Amino acid sequence: PGLEKKLEGGETKHGSLSEHAETYQIETFARMIALSRELLANDNLGAIQAAVLTAANAAARLERDLVFGVLTTNAALSDGKALFHDDHGNFYESGTGSPAGPRAAMDVDGLNLARRKMRLQKDSSGGYLLSIPRYIVCPVALESDAEALIGSLTYQPTSGEMTTPKWVKGLQVIADPRLDEVSDLDWYLLSETSVAPVIRLVFLNGARGPTVESEWDFSRDVMLHKVRMDIAACAVGYAGAVKLG
């Protein structure tokens with residue numbers, strides 16, 4: 001709760017805490033590889049063992065699939081509204097007939113629009129969150145534009161050439177082709193996670209990596225390798241993210 005003025009000799013008033021709950025369900029992802037004794041005997045270069053060890057890479061791909069899936073799916077939160085929704089004040093959509101006007105380009109003006117929406121967000125007690133923009137999340141098609149924008153010394157708005165703001169230079173670009181599959185024009189601005197977290201990646205019993213189990217099938221002379229991971233990704237808040245399209 002927000003702080004209130006205390007009069008001299010007056011009583012400090014109690015405040016209340018509110019909470020909201022977002023639900024998720026951990027799912028199991030797995031794959032099994034069967035290697036015969038003959039194949040193992042003829043593997044002089046260790047290629048098979050190296051292939052089994054790439055389970056870590058598969059786990060990393062799975063994590064990104066789930067995290068970016070939260071952004072592109074845009075499912076409803078506990079309030080019944082999508083993660084990016086006009087009522088959440090974190091969505092700008094352009095297009096024919098849209099009152100929003102032209103598309104928000106990957107430039108300082110577009111970032112200013114996103115930051116303004118983010119900085120207007122309030123918590124449940126009516127206080128401003130003062131979230132700090134930290135990440136540009138974009139499709140690969142916009143990656144070079146985002147990097148050039150952050151790395152530039154100046155930019156040219158309609159009023160003339162100006163110095164690129166320091167807060168823009170402090171942003172980090174996260175580009176991923178999973179976003180291109182949905183739209184190569186939509187992009188996102190996310191805040192510092194400690195202030196306004198948006199997505200949470202959760203693991204069963206804190207096991208952040210895949211579990212690899214091996215078993216020898218005596219009757220067939222086959223080595224079985226099973227890779228398993230229990231994981232989920234879910235949206236936990238909307239105030240720290242803005243979508244522009």
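This report describes the overall form of a predicted protein model and then several of its residues.

## Overall form

The protein chain contains seven helices and 11 strands. Its radius of gyration is 24 Å, well over the 18 Å that the globule rule gives for 245 residues, so the protein chain is more spread out than a compact globule. Taken along the principal axes, the box filled by the C-alpha atoms of the protein chain is roughly 80 × 55 × 35 Å.

Contacts within the protein chain can also be described by separation in sequence. Of those between residues at least 6 apart, 73% join residues that are at least 24 apart.

## Surface and charge

Among the 245 residues of the protein chain, 33% count as buried. The accessible surface of the protein chain is about 15,400 Å², and carbon and sulfur atoms account for 51% of that surface.

The protein chain carries 24 positive side chains and 32 negative ones. The centres of these two sets lie 6 Å apart.

## An aromatic pair

The count of aromatic pairs in the model is one. In this pair, the ring centres of Phe84 and Tyr188 are 5.3 Å apart and the ring planes are at 45 degrees, so the pair is tilted. The tilted class applies because planes under 30 degrees apart would count as stacked and planes over 60 as edge-to-face.

Phe84 belongs to the loop between α3 (55-73) and β2 (91-92), while Tyr188 belongs to strand β7 (residues 187-191), so the pair ties together parts that are 104 residues apart in sequence.

## Two residues with positive phi

Most residues other than glycine have a negative phi. Leu130 is not a glycine, yet its phi is positive, at about 55 degrees. Leu130 is placed in the loop between α4 (108-119) and β3 (133-138). With 54% relative accessibility, Leu130 counts as exposed.

Asn205 is another residue other than glycine with a positive phi, in this case near 55 degrees. The loop between β8 (199-203) and β9 (211-217) holds Asn205. Asn205 counts as exposed, with a relative accessibility of 75%.

Glu143 is found in helix α5 (residues 143-151). Its relative accessibility is 27%, so Glu143 counts as partly exposed. When residues up to four places away in sequence are not counted, Glu143 touches Cys138, Val173 and Ala175. Glu143 and Leu129 are 14 residues apart along the chain, and their C-alpha atoms are separated by 28 Å.

Val236 sits in the loop between β10 (222-235) and β11 (241-244). The relative accessible area of Val236 is 19%, so this residue is buried. Val236 and Arg200 are 36 residues apart along the chain, and the separation of their C-alpha atoms is 6.5 Å.

Technical notes: Residues numbered from 1 in each chain as written. Predicted model: local features only at pLDDT ≥ 70, side-chain atom pairs only at ≥ 80, totals over all residues. Heavy atoms only, no water. Phe/Tyr/Trp six-rings, centres within 6.5 Å; stacked < 30°, edge-to-face > 60°. Helix = DSSP H or I, 4+ residues; strand = E, 2+ residues; numbered from the N terminus. Rg over C-alpha atoms; globule rule 2.2 N^0.38 Å. Buried < 20%, exposed > 50% of the residue type's maximum accessible area, 1.4 Å probe, protein only. Contact = heavy atoms within 4.5 Å. Areas by Shrake-Rupley, 256 points an atom, 1.4 Å probe, with all protein chains shown as cover. Lys, Arg positive; Asp, Glu negative; His and termini not counted. Charge placed at Lys NZ, Arg CZ, Asp CG, Glu CD.
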